Amino acid sequence: MKKKTKSFKFWTSEDVENTFDIKRQKNLPALTEWLDASGIVLSKETLSILDVLKDELLEYIEYLNEEELKVRFIGKIINLVRFDYLGRYRTFFGRQLTAETDEYILSGEVDFMVATGKMVPKQPFFFLHEYKQELKRDNDPLGQLLIAMVAAQTRNENDNPVFGCYVTGRLWFFVVLEGKNYSVSNGYNSSDADLTTIVTLLTKNKKYIEEQMVKLGL
């Protein structure tokens, strides 16, 4: 039987749930653990930069388009976390990701991912997807993130959870997919004190990635 091909951008969260028998859970332990980042301490320099970014976002968020949101804000946050590590894994922007299931060829461009590899992404750990501007709601950002995470789960061929985040304007939603279950956090407002929490959670995820690479011998 010929496999169906469907780009990430055409998936909704309901499509993903129905096609792959995935269930949304309110309190998936992996997400609960991630959101408890009490052991992460940010430097004074980082906190000072975040204060400036927070004020800028609060002033301009209604007027920023998607590219401006990426360049002026999200990119700076990613640089603060410094996901890239000694050539063993790094950040990838606007890269294609493809995976094959029994029925589908899943493929699409991912806005941002952290994965092993130098020239091309190999084993993905974390996705940040769908930077949607404040007043634009023309698709399902959760669905597009979730299908990319399913593709990563298929490629990775292990039982480790896949982590992700999608952004709509000032709000950041953190997502974990583990097996056939996933959970989504409440939105964190990046234009107020939640910005510190957002960077703390990203930093905790970086530590998790490094721990997993040791366990997997990567």
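I worked from a predicted model, where local features need pLDDT of at least 70, side-chain atom pairs count only at pLDDT 80 or more, and totals for chains, interfaces and linings use all residues. Residues are numbered from 1 along each chain as its sequence is written, and side-chain values use heavy atoms, with hydrogens and water left out.

Entry one: helix α1. I took helices (H or I, at least four residues) and strands (E, at least two) as DSSP runs, numbered from the N terminus. In α1 (residues 13-20) I found Ser 13, Val 16 and Phe 20 buried, that is, under 20% relative accessible area (1.4 Å probe, protein chains only). Down the axis of α1 these buried residues fall within an arc of 65 degrees, so they line one face of the helix. Glu 14 and Asn 18 are exposed on the other side of α1, exposed being over 50%. I looked up what covers the buried residues of α1; the cover includes β4 (104-116), α5 (141-156) and β8 (181-184). Just after α1, I noted that Asp 21 has a positive phi of about 55 degrees.

Entry two: the pair α3 and α6. The axes of α3 (residues 44-60) and α6 (residues 194-216) come within 10 Å and cross at roughly 130 degrees. I listed Thr 46, Leu 47, Leu 50, Leu 53 and Lys 54 of α3 as meeting Leu 195, Thr 196 and Val 199 of α6, with contact meaning heavy atoms within 4.5 Å.

Methods. Axes are lines fitted to C-alpha atoms, for helices over the stretch in contact, and angles run from 0 to 180 degrees between N-to-C directions. The arc is that of the directions from the helix axis to the C-beta atoms.
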